[in-house]
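Reader: Please take one part of this model and go through it closely, residue by residue. I would like the surroundings first and the wider fold after that.

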Amino acid sequence: MPRANWIFEVAAQALVLLRAIRLAEGFSMKYWFRLFLLVGVVVAFFAGIGSLLPRNYDFASEIEINCAPEDVFPEINQIANWKKWSQWNPDEIENLTVSYSGPAAGEGATQSWTDARASGKLWLTKSVVNEGIEYEMLFANFPRMTAAIELIPVGKKTKVRWSSKGRLPGGPFY
């Protein structure tokens, strides 16, 4: 019985294909050529625009908080503390393995992570007490990202400025 069902399924698909061919016979070769040409022009248009877009990026965000820079600095200088204030909290992601290496804080402190989708690494490259940090990050097959967190005193408050810059690889479909 299962073999007979398979044969009926193939026969039904063949009938659908024959109907599609019969409908397509009304189109002449000229229309098919124009359709494929149009699709090719649209793809070439978007590929051209994609190859002309700038590859460099540079962006920043800042917030003013009611703390002195000396109170904020320990929280950004130790990567293990980032889960307290960062939107990215490794404790809330299933099957994520996080490890820390190098010093606990300051230049050389490293965080690595792995999950089912990808892996990545973040490490501090510069640390200036009560002024800020610089770090680099590699994630999966993306290019290296360079970023900084600056602490700018504003009276009794601190302006925390996060910035990142880098370059994306070439090609219209990246």
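Author: Leaving aside residues up to four places away in sequence, Ser164 touches Tyr57, Asp58, Phe59, Met145, Thr146 and Ala147. The model is predicted, and every value here is computed from it. Ser164 belongs to strand E7, residues 157-167. Its relative accessible area is 1%, so Ser164 counts as buried, the limit being under 20%. A polar atom of the Ser164 side chain lies 3.1 Å from the backbone oxygen of Thr146.

The strands on either side of E7 come next. Strand E1, residues 56-65, pairs with E7 in the antiparallel sense over 10 bridges. Within that pairing, Glu62 has Arg161 of E7 as its bridge partner. E6 and E7 also run antiparallel, joined by 9 bridges. There, Ile152 has Lys159 of E7 as its bridge partner. E6 and E7 make a hairpin with 2 residues between them, and Gly155 in the turn has a positive phi of about 65 degrees.

Two of the residues that Ser164 touches, Tyr57 and Phe59, form one aromatic cluster together with Trp162. A pair of rings is described by the distance of the centres and the angle of the planes. The count comes to 7 aromatic pairs. In one of them, the ring centres of Phe45 and Phe46 are 5.3 Å apart and the planes stand at 75 degrees, so this pair is edge-to-face. Trp82 and Trp85 form a tilted pair, with 5.4 Å from centre to centre and 50 degrees between the planes. Phe46 has a relative accessible area of 53% and is therefore exposed, the limit being over 50%.

Trp82 and Trp85 both lie in helix H4, residues 82-85, where they are 3 residues apart, about one turn of the helix. Their accessibility puts them in separate classes: Trp82 is buried, with a relative accessible area of 10%, whereas Trp85 has 41% relative accessibility and counts as partly exposed. Another tryptophan, Trp123, has a charge over its ring: the charged end of Lys121 sits 5.3 Å from the ring centre.

Trp82 leads on to the nonpolar core. In soluble globular proteins, nonpolar side chains tend to be buried together. The largest nonpolar core here has 17 residues, and those touching the most other members are Trp82, Leu124, Ile133, Tyr135 and Ile149. At least two residues of this core come from each of helix H3 (69-77), strand E4 (119-128), strand E5 (132-139) and strand E6 (145-154). E6 supplies the largest share, 4 residues. Leu124 has contacts with residues including Asn77, Ile79, Trp82, Ala109, Ile133 and Tyr135, not counting residues up to four places away in sequence.

Along the sequence they follow the pattern α-α-β-α-α-β-β-β-β-β-β. The protein chain has 174 residues, of which 22% count as buried. Among its contacts between residues at least 6 apart in sequence, 42% join residues at least 24 apart.

Definitions and conventions
Residues are numbered from 1 along each chain as its sequence is written. This is a predicted model: local features need pLDDT of at least 70, side-chain atom pairs count only at pLDDT 80 or more; totals for chains, interfaces and linings use all residues. Side-chain values use heavy atoms; hydrogens and water are left out. Rings of Phe, Tyr and Trp (its six-membered ring) pair if their centres lie within 6.5 Å; planes under 30 degrees apart count as stacked, over 60 as edge-to-face and the rest as tilted. Buried means under 20% relative accessible area, exposed over 50%, partly exposed in between (1.4 Å probe, protein chains only). A charge sits over a ring if NZ of Lys or CZ of Arg is within 6 Å of the ring centre and within 35 degrees of the ring normal. A polar contact is a pair of N or O atoms within 3.5 Å; within protein, one must be able to donate a hydrogen and the other to accept it, and residues adjacent in sequence count only if both atoms are side-chain atoms. Contact means heavy atoms within 4.5 Å. A nonpolar core is a set of buried Ala, Val, Leu, Ile, Met, Phe, Trp, Tyr and Cys residues joined through side-chain atoms within 4.5 Å. Two strands pair if DSSP finds at least two bridges between them.
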